[in-house]
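Here is a friendly walk through one protein model and its ligand.

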Amino acid sequence: MSTASGPSSSTAWPCAALSDVPLSSRTTLRVGGRAQWLLEPATQEELRAAVVATRERGLPLRVLGGGANLLVADGVLPGVVLATERLDRLFRPSGREETAPLDAATGEPVARAAPETREADPRLVAWCGATLPALVTAATRLGWSGLEGLVGVPGKAGGGVAMNAGGRWGELWDVLEEVRVLEPDGTFRDLARARCAPRYRDGNLGDSIVVACVLRLAPDDPAAVRERTREFLLEKNRVQPVSEASCGCIFKNPDPEASGGRSAGRLVEEAGLKGLSVGAARVSERHGNFIVNRGGARASDVLALIRRVREEVRQRFGIDLALEVRTWGADEGEPTAG
Ligand code: EPU
């Protein structure tokens, strides 16, 4: 542990701080090394102060949401990892519930909204640490449509906005009305949807940190919302290895014109790579775009497997698959987020 960054005491930082923290248990893939510093701000002001303090010390800064789309390299990751875990507020922006935060784990108080207020203002405010499952649950209980396609996606609102989480049945930015970001210089900025240019799997917000977002949903028949949500979840559970440790899809789907409409998972399957393993990392037999950790995999195993799959697909089909998963601390020359 370097001491160049100051005394290894949490009081040196403007929020809760830990040094030399294992990260694998904070990611869904469950691989990777340790963070030099892990900061856990509990308010937006603490978040701002933590970013400013990190900059003042000249340390690299990375933001950790639910760790659901993340591959952390083995070894020590120098600098600061800023966890959004404690920034987990979820609430309605107007009406009687204005000051009553919802349980970010269950979205519970939302369900008690009086029927007459249900239609009035179908918006939810989520701070970056609110979970995507809590958002989906809240919307389902209110009978508001727009988040059904995100059912089964792990992770947090901040990562979901930054990455434009979603899939075949919709993306988070489809229902995003406004996003609050923290610029690298420590300024908060509220951006209306019209001022942003999200793309497939990319909120396109540059170096800004997502602090919170406002989602506008559509009041619908609650039973219909529930049914769609249920169907999408069943379909995901059928085709994805949901009970195994993974980081979701490894690659972005290629341009359909270049791939003849074939998804990344399909190309991996056609290349005969399902089941291919390096150490305890294996290409899922169920879905070719997932790598699962069968227990005790190292990040280096996963990175080596990604390289092999990419290489095979390139040789076989002439298609260079871009990474969807974010990588932290991988060596120069390793694949980077595409
Ligand atoms: N397919 C295969 N073999 C496979 C996997 C898929 O032939 O091993 C075929 C399927 O039969 C289907 C097509 O490829 O015809 C597309 O597959 P799927 O419906 O599973 O969707 P996907 O494009 O692979 C996308 C998102 C997922 C999201 C699902 C459902 C990307 C890279 N992936 O998967 O997102 O859950 O749609 O909405 O866009 C993630 O981002 O981490 C993720 C899992």
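## Around the ligand

Arginine 201 brings a polar side-chain atom to 3.0 Å from an oxygen atom of the ligand. Keep in mind as you look that this is a predicted model. Tyrosine 200 also takes part: an N or O atom of its side chain is 2.7 Å from a ligand oxygen. Glycine 288 contributes through its backbone instead, with a polar atom there lying 2.8 Å from an oxygen atom of the ligand. On its own the ligand would expose 820 Å², and 78% of that is buried by the protein.

Which elements give two or more residues to the shell around the ligand? They are S9, H5 and helix H7 (264-270). H7 provides the largest share, with 3 residues. In total, 23 residues surround the ligand, and the closest are Arg168, Tyr200, Cys249, Glu269 and Glu324.

## Glutamate 324 and its partner

Glutamate 324, one of those closest residues, belongs to the loop between helix H8 (299-317) and strand S19 (326-328). Is its side chain's setting buried or exposed? Glutamate 324 counts as buried, because its relative accessibility is 10% and the cut-off for buried is under 20%.

The side chain of glutamate 324 also meets a residue you already know: it makes a polar contact of 3.4 Å with the side chain of arginine 201.

The structure holds 2 aromatic pairs. In one of them, the rings of tryptophan 13 and tryptophan 37 have centres 5.5 Å apart, and their planes meet at 65°, so the pair is edge-to-face. This pair links distant parts of the chain: tryptophan 13 is in the segment before strand S1 (16-22), whereas tryptophan 37 is in strand S2 (residues 34-40), 24 residues apart. Tryptophan 13 is buried at a relative accessible area of 5%, and tryptophan 37 is buried at 2%.

The other pair, tryptophan 169 with phenylalanine 232, is stacked, at 4.5 Å from centre to centre and with 10° between the planes. Tryptophan 169 is partly exposed, with a relative accessible area of 30%, while phenylalanine 232 counts as buried at 14%.

## Charges over rings

Tryptophan 13 has a further neighbour: arginine 57 lies over the face of its ring, 3.7 Å from the ring centre. Elsewhere, the charged end of arginine 180 sits over the ring of phenylalanine 188, at 5.9 Å from the centre.

## Strand S5 and its parallel neighbours

How many residues of strand S5 (residues 76-83) are buried? The count is 6 of the 8, so the strand is largely enclosed by the rest of the structure. S5 pairs in the parallel sense with S2 over 5 bridges, and leucine 39 has leucine 82 in S5 as its bridge partner. S2 is also the strand that carries tryptophan 37.

Strand S3 (residues 61-64) is another parallel partner of S5, joined by 4 bridges. Here leucine 61 finds its bridge partner in valine 80 of S5.

## Helix H3

In helix H3 (residues 132-142), 8 of the 11 residues are buried, so the helix is largely enclosed by the rest of the structure. The buried residues are Leu132, Ala134, Leu135, Val136, Ala138, Ala139, Thr140 and Leu142.

Both ends are worth a look. At the start of H3, a side-chain oxygen of threonine 131 comes within 3.0 Å of the backbone nitrogen of alanine 134. After the helix comes glycine 143, which has a positive phi, near 75°.

## An open antiparallel sheet

Finally, find the open sheet of 4 strands, which has the order S15-S18-S17-S16 and antiparallel pairing. Its edge strands are strand S15 (245-246) and strand S16 (277-278), each of which pairs on one side only. S15 is joined to strand S18 (residues 291-293) by 2 bridges, and the two run antiparallel. Within this pairing, serine 246 has valine 292 of S18 as its bridge partner.

Key. Residues are numbered from 1 along each chain as its sequence is written. This is a predicted model: local features need pLDDT of at least 70, side-chain atom pairs count only at pLDDT 80 or more; totals for chains, interfaces and linings use all residues. Side-chain values use heavy atoms; hydrogens and water are left out. Rings of Phe, Tyr and Trp (its six-membered ring) pair if their centres lie within 6.5 Å; planes under 30 degrees apart count as stacked, over 60 as edge-to-face and the rest as tilted. Buried means under 20% relative accessible area, exposed over 50%, partly exposed in between (1.4 Å probe, protein chains only). A charge sits over a ring if NZ of Lys or CZ of Arg is within 6 Å of the ring centre and within 35 degrees of the ring normal. Two strands pair if DSSP finds at least two bridges between them. A residue is near a molecule or strand if one of its heavy atoms lies within 4 Å of it. A polar contact is a pair of N or O atoms within 3.5 Å; within protein, one must be able to donate a hydrogen and the other to accept it, and residues adjacent in sequence count only if both atoms are side-chain atoms. Accessible areas come from the Shrake-Rupley method with a 1.4 Å probe; for residues, only the protein chains shown count as cover.
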